[in-house]
Each structure stands twice: as C-alpha cells, then as structure tokens.
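Please go through the points below with the sequence and the structure open beside you. They are meant to be taken in order.

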Amino acid sequence: MSIKRREVLAGSAAVGAVALTSGLAAPAIAQNEPIKIGYLPALTGPSSSTGIGINRGTLMGVEMINASGGVNGRKIELIVRDTQSDPTKAVNAVAELTQRQKVAVIWGPLNSGEALAATPLIARDKVPMLHPCWVDSLINVQKYPMAFRNAPTNQQIGAAANHYVVDVLKLKKVAVISDTTGYGTASVEAYVPMLKAKGAEVVYSGHVDAANPDLKPELLRMRNAGAQAIMPWSVNAGFLSRILNTRGNMEWDVPVVGQTTLGSGQTKALLEKPEYWNKVYSNNFKKVCFGKDGKLPPAAEEFVARLRKEKVEMGDTLLWWIALGWDGSRMMAETFKAAGSKAGDIVGYWNKLKAWPGVYGTITFTPEQHNGFPDDEVVMCEVNSLKDGAFNLAPGYSS
Amino acid sequence: MLESILSYGLAIGAVYALIGITYNVMFTASRVFSFTAGMLGMVGGVLGAWFITRLGLPVIVGFVLVLACGALIGVVTEIVTVRPVLKGIEQHLYVLSTLAFALMVQQFVAIEWGTEAQPFPRLLPIEDGWVDQQFVLPILACILTVVGLEVLYRHTLIGRAFRAIAEDSYAARALGLPEQRLRTASFALAGMIGTLAGFTGAMMLLAYFGNQAILSFYGFVPVALGGMGSHRGAVVGGLALGLFQQAANFLVGGIFAAVAVFVVFIIVLLLRPEGLAGAATARRV
C-alpha cells in the first residue's frame, strides 16, 4: 500500500490536535527530554591546562550517569562551548546557552578570567551556576544569588600557605613576590596583611615583570633582608622556575611556599636541576593528597582505580582537576534527581547542601554562603612527590 | 654584584644589540622600519628548542636550520608586507603590515608551540666554569655579526651594493643595481641575524612566545639610542641598555627597574634626538 504525503501530513495534524487539546502528550515528551547542562571549559588557549584536566572528570561523570540510565529516566546532555581561554567567547557562549539552549544549569566557566566576564550575564538570565574559580568576588549572594562555588577562594588559598609558613614551619620572616599580572599583584596585596596579622614579618614584598630573565637581584634582596621563606604568587611557570633556579644557583636553602603552579609539569621542565624542586610546597587539597602512609584517602583511591579502569590519562594532568570535574557532574546529577531541573528548585536544594562528600572536597552551602569548600581541606603538598597527578602532604600535616 | 651586572648585562645587551641590528639591516636597504625584528628573535628561540629538544637534531644542524628559517621568514616578510606597500602611495602603511605579520606569526607560534615558556637546551657540551655559555654565546654572536657585517659592507661587491641602495636608491637603480633583489636579500640577512639573537639568547630568555614583545621593544631602544641605520650605534646602545637595566635591577629592583630604563631612554632622546652615534642630517628646503 502506498502512503501519500498528504495523508501523512493530515495524520500528523490530527495527532498534534489531539495532543494540544488533551494536554497529555506534551508532559510525556518533556519527561523524556535530556536535562541540558551548559558547560564552559577552556579546552584550548593559554589557560587550557586546567580545563583539559577538569574536562576528563566531567565527561567521565556524565557518561557514567547516562550509562546507568540517567536521572529519573532522563539523560544528561552536556552542551559544551570551548571558551578558548577568552572571556569574550565565554560571554557569547553564555548568551547561547541561557537564551537559545535553555540549559537547566551552567557548569563553569572553569577559569576566573572568563568567569568574571560571564557570571553577571548568567545571573541576569537567572540560570543556576556552579563553578570552581578562585577569585573571591565571583561569589556574592546578593549580586549573584544563583552562583555557587565548589572550590576554595583565593583567601582560603593564601590563608593555607600563610598558615603553613607561620604555624607549621614556624618561620616568621617572609618574602612575598609576584609577577605584575592582576592576579599576582592582588594576591600580594591580600596576603601580606594576612601574614602580618598572623605575626609574621614581611621583610620583602615586590612585583616583578614575569619576563625579567634575571631574578638574582630580587633574591639577593630577600636574603639580605633575612627572609626565611619565599612566597611567590604567579601562575607563570617561567617566572616560578626562575625563582627556583636562582635559589638553587645561590645555594640558598630556603623553603618556597605558594601557588599550585609551583608543582606543575611546566615548572618542573624549566628547572636547571631536578633537586631545585626540593623544599618547594604548593597549595593542594587534603582529599586528593598522599598521606604519611603513602596512600590516598579511600574515596580518592577508589576514584583513581576507576580512572585506570576507564583508561583516563592522569600522567599529564593533576588528580584534583579530574576529581573536581567528576564532583561537579555528580553533584549536578544528584541535584536533578532530588530536586528536579527547575532553576528555583536547584538553588533551593544547593542552599541546603550539607557536607556533600566529593572526591575533591566536602561541599557545604547555606543561603548566606555559596563558597562551599572547607578551610581545613586546603593544604600544602611537597611538589617533588608528584605521582599519578597527586602529591604527598607537606611535612607537618597529619593524614 | 658587579660580576653579575657585567656578565648578565652584557649578555642581554648583546641580544638587544642584535635585534637592533636586525631593525637596521631591514631599514637601510628599504627605508622601511619593519616591526618584525622582535618576532624573529622569538622564533629563533622557539625553533631552536623545537629542532634540538623536540626533534633531537644535533645542535649544529638545529642552528643551521634556525638560520635558514630566519632567512625564509625575512624573504616572506619582504614579499608579503613590504613590497606591496612600497608600490603604493601611503608608504607608511608598512608599520601596520609588518606589525600585523609579526602578530600573526606570534599567534601561530602560540597555537602550535604553546603559551608556556619551555626549556632551551645547553648548546655546548661543556660544564660552566668561570664562564657561563648562556652569557658568552650572545656576546660572541654579537661580535661575529658586527665583524661580519663590516666585512660584507666594506669588502664585498654585494655589500657595496647594499650601501649604495641605502644611500640613494634612485641613483643605485639608475646605475643598474637590482634594488628589489637586494632588498629581498637584506631581509633574508636580517632574518638570520634576528633568529641568531633569539637562538643564542634563549638559554636566558627560554623558548617563549611572549619574548616577542620585550625583544621588539628593548631591541628598538638601541636603534633609537644609537641612531637609525648605525650598526655600531646599535651595539653601543644595546650593551649600554643591558648594563643599565641590570644595574637598575640591583639598585632599585622590581618594576622600578623598567621605569628607570624608560626615564633614561626619554632623557637621552630629548638631549640627542638623532641618537648617541647618529648625526643630524641637512635637508634641502
């Protein structure tokens, strides 16, 4: 029997009319529609190393959730827009995700520079947002009531390093140095008063152009001022490696304590000698560090086993980045399951989230506090202990 | 402190001087101030690290390939950014065309090579004793370049042709000199000198796409200080800049060192606009 085009159209129109008048078919379709997550990683460009690491955990999490049947029968659909480490691209992507794609929630941006540009727009479009960026001003319950952070703030990062130098290493004379970027100068301005408040004496404080190839004059100034620890604040591996190389060439046995980039592979590659990485301690996170017994906490150990099983590459990235992506996708899926995918319900659920047990961190939100990461899980690690993307806790911490 | 100021100041000054000479070589043959000199320096470091570290080629092979690539980039610069502009009326558009080309190459390097600084290998298989090769090689390269250019310009036919074009291109053309081919050759030569600066300086500066900006600027200072077109002036200006910059690093430190360099630069130009080694030229009115 042949079917004519006109009969098909007529039949479709009849079905549509029934659906519209009865109101039965529309909810059935909505219940099977995937839940859309707008996802803004920087997968290319100068700040992409973080995004690439977090992306592995995010993808693994979403694939696992969908493979096990999704959330209440609905699949999760990641709408990925690579920001290319460019705030302008992030802003354009936000407009598409919130207004055209109508996503339920936005995961990211994953870098502070893009988040600073994108957050006001996401707030304007009233879409819930979860991000891991450290810049303090990105969370403000009055300005951005739907924005939540599942990572530490810059204040927490600086406080952990200051605590390690002053309270754990018991060093009182500190040199604080940064490059001339906004991040570097803002960090020095924020952390120097915090150090002084802890009773430390800041014997050197300065900003240096990251392109300056010779930092010996600065380190001589620090040494002559009696510095017992150097705290560099920069994400520039070249700048950090020059500090470490100069310290090594001066045979100055002073600890260097600071930002996570101190422990990056790029910094390591630029060292003149491997031993110049000794006595260097960078920020890290307690739940993804090896303890004194040489083991990861059970949740992280189980996670690493899963990564190996799924053949996720760990050697060229950091465990905490992958764990952060995994936690983000899991937290969103659990939220959809418990509260649904409407914006108000998501925000209401997150506002009451208490001690959510992530691999990377234990997250707690309240209506007044959308910074979810606990202070005591921001720690320092020994950078020369890197193995499978994770580090040993620095001396002085208990497991 | 004095030892560090001398060794480091002279070495980085030699790199600046070579970039200054690169500007000059392109300028004298074409009267075009090509803003690609810093880019050539950056490319010299990146290509050196790529050939020697990544591809595992012997140092000498890597060195020759870097110079060859520099010459090629110089020729492309002349064909793509200078030749079409010189045919037009608005000749000063070369500022835009050469700058745009330099930025395009930098972005290409950033995409293909990466935006993080990467290590540059030790070039000589020797232990650093009382002399450190990262300081000696740029100074040596600068001396050899200046001597080589003197020999080329004063004792070879092609060198004399370069000078003829530089002094009066119309008269040189009237005498039958192939101006366009000589200009292309001078851009190739400049490409080699620029990449030589980056290659020998990369042990200090690392293989980093961001070096383009500092080499473009600090390489221009010797030209302005020494007088446009004067190689000797560029060498004196470059070495003086390196020594002063390093002394300022020690004496005032931090970002104030850069401020001190610019203050002196502006004062010198106010007192001697034609540069330290330049001479005021008469103009028929």
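1. Two residues are in contact if their C-beta atoms, placed from the backbone, lie within 7 Å. By that rule, 18 residues of chain A are in contact with 21 residues of chain B.

2. This is a predicted model, in which local features need pLDDT of at least 70 and side-chain atom pairs count only at pLDDT 80 or more, while totals for chains, interfaces and linings use all residues. Residues are numbered from 1 along each chain as its sequence is written, and chains are lettered from A and ligands numbered from 1 in the order in which they are written.

3. Which helix gives the largest share of the side of chain A that touches chain B? H8(A) does, with four residues. Helices (H or I, at least four residues) and strands (E, at least two) are DSSP runs, numbered from the N terminus.

4. Domain 1 of chain A brings 15 residues to the contact and domain 2 of chain A brings ten. On the domain 1 side, helix H12 (residues 319-339) of chain A has the largest share, three residues.

5. Strand S1 (residues 35-39) of chain A is largely enclosed by the rest of the structure, because four of its five residues are buried (20 or more other C-beta atoms within 10 Å of the residue's own, C-beta atoms being placed from the backbone).

6. Strands pair if DSSP finds at least two bridges between them. S1(A) runs parallel to strand S2 (residues 76-80) of chain A, with five bridges; there, Ile35(A) has Ile76(A) as its bridge partner. Three bridges join S1(A) to strand S3 (residues 105-107) of chain A, also parallel, and Ile37(A) stands opposite Val105(A).

Key: A residue is buried if 20 or more other C-beta atoms lie within 10 Å of its own, exposed if 12 or fewer, and partly exposed in between; C-beta atoms are placed from the backbone.
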